[in-house]
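Welcome to my notebook. I am going to look a few things up and jot down what I find, entry by entry.

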Amino acid sequence: MTSNLEGTEPPVIAEVRDLRVHFGSKRGRVHAVDGVGFQIRDGEMLGLVGETGCGKSVTGRAFLNLIPQPPAIIAGGEVLFRPRGGAACPACAGSGCHACGQTGGETLDLLKLPQDRMRQIRGARIAMIFQDPGKALNPTLTIGVQMAEVFLQHKSDELLQDAGISADDRNLAANALRRIAHQEDRWLDRRLKRFPPLRQAAGRIQQALDARVAAALAETQIANPLRVMRAYPHELSGGMRQRVMIAQALACDPDLIIADEPTTALDVTIQARILELIKTLQERHRTAVLYISHDLSLVRKVCDRVAVMYAGRVAEVGTVSDVFSNPRHPYTQGLLAAVPRAGARRGHLASIPGSVPELVNPTPGCRFADRCSQVMPACTQLDPVLGSVGEGHSVACFLEHPPHAGAAKIEKALTE
Amino acid sequence: MQLRDYIIRRLLILPILIFGVSVIVFTLTRIGGSPIGVYLSHEMNAEEVAALEERFHLNEPLYTQYWYWLKAALSGDFGYSGVASAPVAEVFWPKFAATMELSIFSAAVAVTLGLWLGVFAGTRRNKWQDHVTRVVAVSGASLPLFWFGIILLIVFWANLGWFPVGRSNAEIWASIAHPTGFYIVDSILAGSWQGLVDALWHLTLPAITLGFGAVAIITRMMRSALVEELQQDYVDAARAKGLPERLVLNRHAKRNALVPTVTVIGLTIAFLMQGAIAAEIIYRWPGLGRWMASAVVRGDQATIMTYVLFTSVLFLFANLIVDIIYAKLDPRVRLGD
C-alpha cells in the first residue's frame with residue numbers, strides 16, 4: 001500500500017496496528033481507542049490530530065507502554081517498533097524481508113515486551129515530551145538531578161568509562177562506584193562515597209554526568225545550563241521547563257519522540273519558539289516525532305505527514321500537503337473549514353454540527369455518521385476501513401470506497 | 001535560603017515562642033483559682049489567709065506574680081507540689097522521663113509502622129491488602145484508647161500472662177544506675193541486656209495502646225498522599241525515562257507523599273502526649289499521669305504549670321523537627337515565597 005518503487009522513502013520505524021484500548025466505567029466499556037493504525041517513518045514528523053478525548057494521547061502513551069491498567073484494558077492490536085541499530089531480524093538475519101520492512105532490523109511489539117526490555121527502550125530509544133512541563137517535572141528535585149537520571153539509567157557504563165573505571169575492575173571500591181552509577185547504590189555506598197578513595201572517583205562520575213546534562217540543556221538554547229541544573233522546577237518559567245523536558249527527551253538521542261501537545265500549556269508567545277526548537281532539533285538529530293495536537297495550523301507548519309483521528313479511529317492519513325489541500329474525509333473537511341482565516345467574513349465561525357459520540361459500547365458503523373452531511377445507509381451499518389486514495393494518502397470513508405455487496409454479508413458473519 | 005539558614009532562623013524564634021507559651025500557661029492557670037487553695041483549711045482565719053497571700057505575692061498584680069515565677073523557674077525552682085508533698089523540681093524529672101519514654105517510643109513505632117503500612121496499602125490500591133489495611137486503620141482511629149488498652153490488659157496480662165504491667169522488674173531496675181531516667185537509655189549505658197529486654201517488654205502493651213491511633217492516622221494519610229502522587233504526571237515522566245519502579249517509588253512518589261504526611265505526624269505527637277496519661281493509668285506506668293490527674297482535681301498549680309509548660313515546650317520542639325523535615329523534603333518551603 002505504501003511501498004515506493006524508487007525506494008527513496010525512509011523505512012517504517014514504528015507502526016500501530018489495529019490498537020484497541022478500552023476503559024472500564026460504570027456505564028460500560030469506553031472504547032477510547034478502537035482500531036487505530038498508522039505508520040511512522042524514520043526521521044519524519046507525523047502529526048496526530050483530533051479533538052479532546054479522541055484517543056490520541058492514549059495512542060501516544062501506548063508507544064511507551066504507559067497506559068495505566070486498570071482502569072485501561074488493552075483489548076487488542078500491536079505497537080511495533082524497530083530500533084535503529086537493533087538486533088537483526090530473526091526472519092531474514094538482516095538481509096531485509098517483508099517482516100522487517102526491508103530494514104533487516106528486529107521488530108518489537110512494545111505491548112508484549114517484558115518490563116525490563118521496555119525500560120531499556122523508554123528514555124533511550126523512545127522518549128516523551130509531556131503536555132504540561134510544570135506537572136511532568138518533580139517539584140522537589142532539582143533539574144540537574146532529574147536530568148541526570150536519564151544518563152544514569154542508560155549511559156552509566158559510559159560514565160564509568162569517563163571516570164576511568166574499567167569494566168574489569170572488580171575490587172570493593174569499583175563495585176561500589178558501579179552500583180552508584182547504576183542507581184543501585186546501597187546505604188553504605190552513599191556513606192562511603194564521601195571518603196577517599198571513593199570520593200575522587202565519585203566526583204569524576206559526577207563531573208562526567210554534569211557535563212552531559214549541561215550539554216543536553218545547552219542544545220535546547222538554555223543560556224545558563226549550570227544555573228538551571230541547580231534550580232527547582234518552580235523557579236523556572238513554563239518555556240524554560242519545556243526546554244528542560246525537550247533536553248531530557250533528546251538526552252539519549254532516541255529514534256522516536258512522542259510529543260503530547262508540547263505547546264498547549266505554554267504562553268502563546270512561547271509556543272512558536274518551542275515549536276521551532278522541536279522542529280530544529282528533530283531535523284538535526286533525524287529523530288522521528290509523533291506530534292500529538294489538536295491544533296491544525298501547528299501541524300501544518302511542522303509536520304511531514306498527518307493522521308486525523310476521530311472517536312478512537314483514524315479517519316484520514318497522508319502527507320500534510322495532500323490532507324490539507326485535498327481533504328477527502330468529511331470530518332477532515334469540516335475541521336479544515338473550522339480553522340478561522342484572516343480576511344474571512346467577520347462574526348462567523350464555521351463549525352461541525354453535533355458533538356463527539358459517546359464511546360460507551362459503540363454500535364457498528366462509521367463514528368462520524370451522526371454528524372456527517374453526506375451520510376449514506378451503509379455508514380450506520382458498516383465500519384469503513386482506511387483505503388488508499390492516492391500516493392500515501394488513505395481515508396476511511398464510504399464516499400471514497402463504496403462498500404461492495406459482499407461486505408455486509410462478511411461483516412454479519414464476523415459479528416455472529 | 002539554605003536549609004541551615006532555615007534551621008537557624010527557626011531556632012532563634014524558639015525562645016520567643018517558649019516565653020509566649022509560659023505567659024499564656026501562667027495566665028490560664030491563675031484563672032483556675034488561687035495557687036494557695038491547696039494549703040487552705042477551714043480552721044484558718046482571714047488574717048492567716050492574707051499573710052499567706054502576701055508571702056506568695058498574691059496581692060500584687062499578675063505581671064509581677066509572673067515575674068516572681070519566671071525568676072524562680074529560671075533558677076530551677078518550680079514551686080512546691082501539695083499533692084506530692086515535695087518540691088516539684090525534685091519529683092518531676094523521674095516521672096516526666098517515664099512519660100516521655102513511653103510517648104517517644106510509641107511515636108517512633110507509630111511513625112515507622114504507619115509510614116510502612118501507608119506505602120504498603122498505597123502501592124496496592126484497591127487490592128485486598130489495601131482493604132485489610134483500611135480496616136485496621138479505621139479501627140485504630142475509632143477504638144477509644146482507654147477501652148482498647150483494657151482489652152489488651154485483660155487478654156495479654158490477665159489471661160495469657162505474656163506481658164507485665166508497670167515499668168520494670170524491681171530487681172533489674174535496682175541493679176542498674178539511672179542517670180537519665182529513661183530506662184532504655186540507662187540500660188544501654190549500663191550495658192545491661194537484661195535491663196533493655198525488661199524495658200522493652202514492659203513498654204510493649206502501653207506503646208501499642210498509645211500508638212494504635214497514631215498508626216491509623218499516619219497510615220491513612222500516607223496511603224492517600226501516595227495514591228495521589230502516583231497519579232501525577234511526573235511519575236509517568238520518571239517511568240518514561242526508563243527508571244525501574246523501585247526508583248520511581250522511592251525517589252519520586254514516596255518522598256513527595258511524605259510532605260503532607262509529615263505535617264500530620266506533627267499533630268499526632270500532641271495526641272500521643274495526651275493519650276499517655278490514660279495509658280499510664282491502665283498499665284500502672286509510673287509517669288506523670290496519676291500525679292497530674294490529682295493535681296488538676298486538687299488545684300495543685302505549681303505541678304500543673306510545670307507539666308503544661310514542659311509538654312508545650314516539647315511540642316514546640318517536636319514541631320520544629322517536623323518543620324525541618326518538611327523544609328528538607330520540599331524546597332518550596334525553605335526557598336520561601
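**Entry 1: the core**

I began with the largest nonpolar core, which has 178 residues, and A:I205, A:L290, A:Y291, A:V308, A:M309, A:V314 and B:I218 touch the most other members. For my own reference, a nonpolar core is a set of buried Ala, Val, Leu, Ile, Met, Phe, Trp, Tyr and Cys residues joined through C-beta atoms within 7 Å. A residue is buried if 20 or more other C-beta atoms lie within 10 Å of its own, exposed if 12 or fewer, and partly exposed in between, with C-beta atoms placed from the backbone. The core lies between domain 1 (12-125 + 254-322) and domain 2 (143-228) of chain A, because both give residues to it. A general note to keep: in soluble globular proteins, nonpolar side chains tend to be buried together.

**Entry 2: ground rules**

I must remember that this is a predicted model, where local features need pLDDT of at least 70, side-chain atom pairs count only at pLDDT 80 or more, and totals for chains, interfaces and linings use all residues. Residues are numbered from 1 along each chain as its sequence is written, while chains are lettered from A and ligands numbered from 1 in the order in which they are written.

**Entry 3: confidence in chain A**

pLDDT is the predictor's confidence in each residue, from 0 to 100. Chain A averages a pLDDT of 80, and 90% of its residues score at least 70. Over residues 1-6 of chain A the pLDDT is below 50, and this stretch has four contacts in the model beyond near neighbours in sequence. Two residues are in contact if their C-beta atoms, placed from the backbone, lie within 7 Å. Where pLDDT is low, the predicted coordinates should not be read in detail.

What does A:V308 touch, leaving aside its neighbours within four places in sequence? I found A:V49, A:G50, A:V314, A:A315, A:E316, A:V323, A:H329, A:Y331 and A:T332.

**Entry 4: a sheet in chain A**

Next I traced an open sheet of four strands in chain A, in the order β2-β1-β4-β5, with antiparallel pairing. Its edge strands are β2 (28-41) and β5, each pairing on one side only. Helices (H or I, at least four residues) and strands (E, at least two) are DSSP runs, numbered from the N terminus. Two strands pair if DSSP finds at least two bridges between them. Strands β1 (residues 12-25) and β4 (residues 72-81) of chain A share eight bridges, while β4(A) and β5 (residues 108-109) of chain A share two. I followed A:L80 across the sheet: A:E15 has A:L80 as its bridge partner in β4(A), and A:L80 has A:D109 as its partner in β5(A). A:F81 is bridged to A:L108 of β5(A).

**Entry 5: helix α6 of chain A**

Which residues of helix α6 (residues 172-181) of chain A are buried? They are A:A176, A:L177, A:R178, A:I180 and A:A181. These pack against α4 (143-154), α5 (156-162), α7 (187-192) and α8 (198-219) of chain A. After α6(A) comes A:Q183, with a positive phi near 60°.

**Entry 6: two domains**

I noted that domain bounds come from an automatic or database domain assignment. The C-alpha centres of domain 1 and domain 2 of chain A lie 32 Å apart. Four residues of domain 1 of chain A are in contact with six residues of domain 2 of chain A.

**Entry 7: a loop residue**

I found A:S351 in the loop between α14 (330-338) and β11 (387-390) of chain A. Is A:S351 buried or exposed? A:S351 counts as exposed because it has 9 C-beta neighbours inside 10 Å.

**Entry 8: chain B and its contact with chain A**

Chain B has 14 helices and two strands. Of its 337 residues, 34% count as buried. The contact between the chains takes 19 residues from chain B and 24 residues from chain A. On the chain B side, α10 (233-240), α11 (245-282) and α14 (331-334) each supply at least two residues, and α10(B) gives the most, with six residues.
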